[in-house]
Amino acid sequence: MFSKKLNEAPEGYTFDDFLLVPSKSSVEPKNVKTNTRISRNFKINIPIISSAMDTVTESEMAIVMAQEGGLGVIHRNMTVQEQVEEVKKVKTSGDLTIRDVITTRPDASISDANHLMDEEGVNGLPVVKAGQVIGIISRRDIMPIISTDAGRTVGEVMTEKVVTIKESTTPEEALDIAYENKVERLPVVKDNQIVGIVTIKDILERKKYPIASRDNDGRFMVAAATGPFDLERAIALDKAGADIIAVDVAHAHKPEIIEFAKKMNKEIEADLLVGNIATREAAEDLISGDVDGLKVGIGPGSICTTRIIAGVGVPQLTAISNVADLAREYDVAVVGDGGLRYSGDLAKAIGVGADSVMMGSLLAGTHEAPGDVVIMNGRKYKQYRGMGSLGAMTGGSGAGTDRYFQEVKGPMKHAKLVPEGVEGVVPYKGPVSEILFQLIGGLKASMGYSGANDIKKMQENARFIRITNSGVTESHPHDLLITNESPNYPTTRLM
């Protein structure tokens with residue numbers, strides 16, 4: 001009976017156990033399309049999501065991820081209100097229309113208007129009376145007379161002819177209107193009332209990110225994490241504009257979580273991404289809960305000790321493939337979470353059915369990741385810790401002890417927790433955009449080798465060969481001392 005458990009146990013595989021087999025291909029990497037779905041209703045342009053970890057994703061990371069075509073998941077090691085504000089920062093950053101418009105009145109003095117522009121850091125103000133735009137005043141109007149006629153009213157010197165646009169005006173149309181009328185600002189009106197303002201500067205800034213992940217209103221997409229039973233947080237994040245609510249729990253295959261996911265999904269408009277899981281059975285049960293996406297990975301992360309402390313987990317390629325087999329039947333998106341070390345691992349994850357991957361360590365240590373840069377032995381590092389580490393589980397008002405189903409109160413709570421993660425540092429890596437460029441470049445190269453011009457074709461075309469430890473050794477650079485470090489293969493990687 002007991003020996004049967006071992007003798008009939010299936011084999012599990014992860015990234016280093018396989019290589020992708022090159023196929024006959026006319027696909028060039030530069031022509032590859034990397035857009036993919038991340039849930040039933042949302043797509044992004046690169047298959048990379050930054051992890052909901054307090055040393056990886058806050059608003060600064062999420063903004064850049066969206067700019068580059070990916071997605072950031074705001075971590076929950078903070079109060080509900082703090083997390084709501086982080087979500088709002090992302091949504092307003094990507095909104096072409098400035099909603100919180102600074103205005104002035106026609107009876108205000110030009111001295112007051114000038115002071116307001118200095119205070120708010122703007123160069124012009126709509127002049128509003130009874131909610132309607134009746135003019136616009138800029139520094140060019142004020143500067144010639146501010147020293148001699150500071151008491152004159154705004155209404156006397158403002159430009160009365162105001163060019164306005166509607167909310168439905170596209171960025172391209174707005175830019176044409178601005179150039180045609182030689183104006184820098186376009187008030188946005190609805191029912192004759194001002195609701196926002198668009199500037200040429202913001203339009204041109206937007207054009208710098210042609211593949212950015214945007215919602216239907218043109219704002220940056222963002223996801224946010226919540227606990228498995230934290231409905232209050234989920235509703236608040238949904239109202240703040242989060243496109244996806246990611247249930248953040250170490251083991252989502254629990255009847256009470258599945259039932260609560262159904263309840264949560266009914267209360268929010270955002271898509272619901274639930275994880276983590278590692279088996280086909282878990283996928284089947286969660287799909288019955290009508291979730292919009294599944295997050296796969298138990299224990300593969302570089303800072304996770306679940307497989308050692310609990311002895312539990314499934315090697316990541318096997319976990320992704322088992323879940324993807326079922327998820328594809330129900331058209332549910334699969335996110336491979338954790339375990340990736342190189343861009344080739346991203347390609348392998350997609351090859352076995354992942355629609356996208358969630359990354360922690362590969363994005364930790366970048367400029368946009370939370371935390372300060374420290375110098376150790378002459379090199380720069382940033383903190384990186386698992387959400388199951390002592391620091392993360394006790395480090396904030398929203399600290400996720402519930403992620404590991406632990407709840408300990410009192411002054412000695414450190415001693416009463418069983419960590420499933422560690423804390424450490426990773427080398428400082430510079431801007432995350434440079435890391436993403438290398439990761440997507442490696443993925444495109446892999447898709448070229450595999451004859452796949454898009455993500456769906458990669459999932460269909462990818463062929464694998466199992467390799468030995470000698471094959472792994474052969475795959476890495478060997479028999480030399482590397483003198484020039486490559487940006488996608490750092491020799492300072494901490495093992």
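Me: Buried means under 20% relative accessible area, exposed over 50%, and partly exposed in between (1.4 Å probe, protein chains only). As which of these does aspartate 292 count at 7% relative accessibility?

Reply: Aspartate 292 counts as buried, because its relative accessibility is 7%. This is a predicted model, in which local features need pLDDT of at least 70 and side-chain atom pairs count only at pLDDT 80 or more, while totals for chains, interfaces and linings use all residues. Residues are numbered from 1 along each chain as its sequence is written, and side-chain values use heavy atoms, with hydrogens and water left out.

Me: Where is the place of aspartate 292, and which residues does aspartate 292 touch?

Reply: Helices (H or I, at least four residues) and strands (E, at least two) are DSSP runs, numbered from the N terminus. Aspartate 292 sits in the loop between α11 (280–287) and β13 (293–296). Contact means heavy atoms within 4.5 Å. Leaving aside residues up to four places away in sequence, aspartate 292 touches Ser39, Arg40, Asn265, Asp271, Leu272, Val332 and Ala333. A polar atom of the aspartate 292 side chain also lies 2.8 Å from the backbone nitrogen of leucine 272.

Me: With which side chain does aspartate 292 meet in a salt bridge?

Reply: A salt bridge is a side-chain nitrogen of Lys or Arg within 4 Å of a carboxyl oxygen of Asp or Glu. The partner of aspartate 292 is arginine 40, at 3.4 Å, N to O. Arginine 40 lies in the loop between β2 (36–37) and β3 (43–44) and aspartate 292 in the loop between α11 and β13, so the pair ties together parts that are 252 residues apart in sequence. Arginine 40, at 35% relative accessibility, counts as partly exposed.

Me: How many salt bridges does a search of the whole structure find?

Reply: The search finds 18. One of them joins the side chains of arginine 76 and aspartate 248, at 3.1 Å, N to O. This pair links distant parts of the chain, 172 residues apart: arginine 76 is in the loop between β5 (71–74) and α3, and aspartate 248 is in strand β11 (residues 244–248). Arginine 76 is buried, with a relative accessible area of 4%, and aspartate 248 counts as buried at 5%.

Me: Is glutamine 83 buried or exposed, and which residues does glutamine 83 touch?

Reply: Glutamine 83, in helix α3 (residues 80–93), counts as buried at 0% relative accessibility. Not counting residues up to four places away in sequence, glutamine 83 touches Ile74, His75, Arg76, Met78, Ala224, Ala225, Arg233 and Leu237. A polar atom of the glutamine 83 side chain lies 2.8 Å from the backbone oxygen of alanine 225.

Me: How many residues has the largest nonpolar core?

Reply: In soluble globular proteins, nonpolar side chains tend to be buried together. A nonpolar core is a set of buried Ala, Val, Leu, Ile, Met, Phe, Trp, Tyr and Cys residues joined through side-chain atoms within 4.5 Å. Here the largest core has 92 residues, and those with the most contacts inside it are Ile48, Ile245, Met264, Ile277, Leu294, Met359 and Leu363. A second, separate core of 15 residues includes Ile38, Ile44, Ala223 and Met358. Leucine 294 touches residues including Leu273, Ile277, Leu286, Val323 and Val335.

Me: Is isoleucine 375 buried or exposed?

Reply: Isoleucine 375, found in strand β16 (residues 373–376), counts as exposed at 62% relative accessibility. Isoleucine 375 and leucine 346 are 29 residues apart in sequence and 30 Å apart in space, C-alpha to C-alpha.

Conventions:
A polar contact is a pair of N or O atoms within 3.5 Å; within protein, one must be able to donate a hydrogen and the other to accept it, and residues adjacent in sequence count only if both atoms are side-chain atoms.
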